[in-house]
Amino acid sequence: TGERHGLKTSFFVKAGVSDPLVDEKYCLESPPVAGILREIHDRGHELGLHPSYHTYRDRARLNAEFATLLKAADHLCIRQAAWGGRQHYLRFAVPETWRGYAEVGLSYDATLAHADQPGFRCGTCYEFPVYDLEQRCLLPLRERPLTVMEVTLLDGEYLGLAAEQAYDRITRLADVCRRFNGRFSLLWHNNFLATGEQQRLYDAVVTEIAK
């Protein structure tokens, strides 16, 4: 859908497991997965790291998972100017998570949003440089605030909205970002594209925000 409107997508992929109960396990170098990664790159989209559940406070584990992703990308001759990440379950600790990203060499984070409500957790729709308040220094890292996660709107654990209501909430937030020439960031999981209704909602949302 996004390609029809000239949009480029960031695909965040798992490269490790730190909690078997909530982390999906797959090998980035297995032929089916490697083929998908290669196709994503060949079609002009971006790959990123989807760190596992406990990495938000574990720099060593984060580093190992990022190294696994870079190794798989190197084997596939995938080159990118920058690599970013988005935390599993939006788990985040300030400044530990940012500091970990900067130390392992990630260029940006795309995690910051509230899981139970859409909107502007950072108070802005613009990408910004990250500052470590404890160490009183600017980190070599950018934050790309997340505006909407579809799970927040559709899952019964959170708002549990109908498709029409979710569409309205998403497009109204996109309009705010458009009004101020900001970045609208939408997170959509692949398992929320399993039904016809989910696919139609995604198609309608992307078509509207691409205008």
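Helix α2 (residues 59-75) packs against helix α3 (residues 96-104) at an angle of about 45 degrees, with the axes 9 Å apart. Axes are lines fitted to C-alpha atoms, for helices over the stretch in contact, and angles run from 0 to 180 degrees between N-to-C directions. The two helices are therefore oblique to each other; under 35 degrees counts as roughly parallel, over 145 as roughly antiparallel, 65 to 115 as roughly perpendicular and the rest as oblique. Arg59, Leu62, Asn63 and Phe66 of α2 meet Gly100, Tyr101, Glu103 and Val104 of α3, contact being heavy atoms within 4.5 Å. These residues divide into 4 nonpolar, 2 polar and 2 charged.

The model is predicted; local features need pLDDT of at least 70, side-chain atom pairs count only at pLDDT 80 or more, and totals for chains, interfaces and linings use all residues. Residues are numbered from 1 along each chain as its sequence is written, and side-chain values use heavy atoms, without hydrogens and water.

Helix α5 (residues 163-179) and helix α6 (residues 196-209) pack at about 20 degrees, with axes 10 Å apart. They are therefore roughly parallel. The α5 side of the contact includes Ala163, Tyr167 and Arg178; the α6 side includes Glu197, Leu201 and Ile209. The contact residues comprise 9 nonpolar, 1 polar and 3 charged.

Strand β1 (residues 10-13) pairs with β2 in the parallel sense over 4 bridges; pairing requires at least two DSSP bridges. Phe12 has Gly48 of β2 as its bridge partner. From strand β2 (residues 46-49), Glu46 and Gly48 point one way, Leu47 and Leu49 the other. All four are buried, that is, under 20% relative accessible area (1.4 Å probe, protein chains only).

Technical notes. Nonpolar A, V, L, I, M, F, W, Y, C, P; charged D, E, K, R; others polar. Buried < 20%, exposed > 50% of the residue type's maximum accessible area, 1.4 Å probe, protein only.
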